[in-house]
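Take the coordinates below and follow the fold one piece at a time. The walk goes from a helix to a sheet, and then to the nonpolar cores.

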Amino acid sequence: MAEIEQNVPLSPEVESAFREAYEIGRAVTRTGRVADYIPELAKADRRNFGVALLDGQGHSLSLGDADTRFSIQSVSKVIILALSLKIKGHRETFSNVMMEPSGDAFDSILKLDTRSNRPFNPLINAGAIQLVSTMEEELGFEEIADFARALCMDPDICLDEAVYRSEFESGNRNRAIAYLLKSKGVLQGDPERTADLYFKLCSLSVTAKSLAALGLVLSNGGLNPFTGEQLIAREHVRTIKSLMFTCGLYDYSGKFGVKVGVPAKSGVGGGLVCAPRGAMGIGLYGPALDEYGNSVAAVRAMEHLSNRLGLHTFDI
């Protein structure tokens, strides 16, 4: 990130809104709980909170713990989907994954076992695991990590070994999803290799600034405005952002769509990436989670920013 930050001052209104949002988010961290079903995540300090902004003109702002490294967790699903669309195309990507909100928890297998052989969307565990299975024989972890580094404009993204070991040791539910998909003839490749690569991708180490850069690329039609590189085809960005809007916060996605109204994706590591209109990315980090697995501070801060700055997609 350091090489593209230009320290261009923000307008007073925008800077004020972000500082207010930061204080509002920081005040509610005590109401959430850190994830503990992955033991390594339970070590996070729930008081941590950071907010970062980056836009296409080089305006940037970071507040609080915006440089703190944490595991990307389910935000990686955006990267997995983007890479699948890039190398497989739309038709093949969605041949075994649907585009519908599930209305269930991110790791639920209920509807996968009772209503459909195909995962409901790529932004739940089953959907991401399915997409990983289609790529794991062609691409290794480092190749996918390089794509993540490019999208996040962060060359320091790496595997958090401690989180990966914790994921590997405690990830039997995700292994069960892989085997269930295999039993239905949907998952391609070996379930154990697929699950292992999925664990590694969830264990990538990022910051709020990394996620702000990812949000900027998405809001800018897949184009890195600083290098001119088209990282994601524009038509694929539309698909990704549509799914982020409808499915990005699991079974809180509907309320988030009404209250905040921007394409976003959360992760149980505390990350939230947002891609509002106008070539601007917002990244947030707060490991204290609500009952749905979303950062309580990040969600509350985004509610304020949306209302204060008119970020809602459907604002007139």
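Contact here means heavy atoms within 4.5 Å. Keep that cut-off in mind for what follows. The model is a predicted one.

Start with helix α6, residues 161-170. Which of its residues are buried? They are Val163, Tyr164, Ser166 and Glu167. Viewed down the axis of α6, these buried residues fall within an arc of 165°, so they line one face of the helix. Something has to cover them. β3 (70-71) and α8 are among the elements that do. Now look at the start of α6. There, a side-chain oxygen of aspartate 160 comes to within 3.2 Å of the backbone nitrogen of alanine 162.

Next, the sheet. It is open and has 5 strands, in the order β2-β1-β7-β6-β5. The pairing is antiparallel. β2 (60-64) and β5 (264-266) are the edge strands, and each pairs on one side only. From one strand to the next, the twist averages 10°. Zoom in on one edge. β5 pairs with β6 (residues 271-274) in the antiparallel sense, over 3 bridges. Within this part of the sheet, lysine 265 stands opposite valine 273 of β6.

Two helices lie across strands of the sheet. Helix α1 (residues 12-27) lies across β1, β2 and β7 (280-285), and runs at about 20° to β2. Helix α12 (residues 296-309) lies across β6 and β7. Its angle to β7 is about 145°.

Now go inside. In soluble globular proteins, nonpolar side chains tend to be buried together. The largest nonpolar core here holds 66 residues. Which members touch the most others? Leu151, Leu218, Ile232 and Ile240 do. β1 (50-55), α2 (76-93), α4 (125-135) and α5 (141-152) each supply at least two residues, and so do α7 (172-183), α8 (191-202), α9 (208-219) and α10 (234-247). α9 gives the most, with 8 residues.

Leucine 218 is then in contact with Val78, Ile232, Val237, Ile240, Lys241, Met244 and Ala275.

Terms used:
Residues are numbered from 1 along each chain as its sequence is written. This is a predicted model: local features need pLDDT of at least 70, side-chain atom pairs count only at pLDDT 80 or more; totals for chains, interfaces and linings use all residues. Side-chain values use heavy atoms; hydrogens and water are left out. A nonpolar core is a set of buried Ala, Val, Leu, Ile, Met, Phe, Trp, Tyr and Cys residues joined through side-chain atoms within 4.5 Å. Buried means under 20% relative accessible area, exposed over 50%, partly exposed in between (1.4 Å probe, protein chains only). Helices (H or I, at least four residues) and strands (E, at least two) are DSSP runs, numbered from the N terminus. The arc is that of the directions from the helix axis to the C-beta atoms. A polar contact is a pair of N or O atoms within 3.5 Å; within protein, one must be able to donate a hydrogen and the other to accept it, and residues adjacent in sequence count only if both atoms are side-chain atoms. Two strands pair if DSSP finds at least two bridges between them. Axes are lines fitted to C-alpha atoms, for helices over the stretch in contact, and angles run from 0 to 180 degrees between N-to-C directions. Lists of a residue's contacts leave out its neighbours within four places in sequence.
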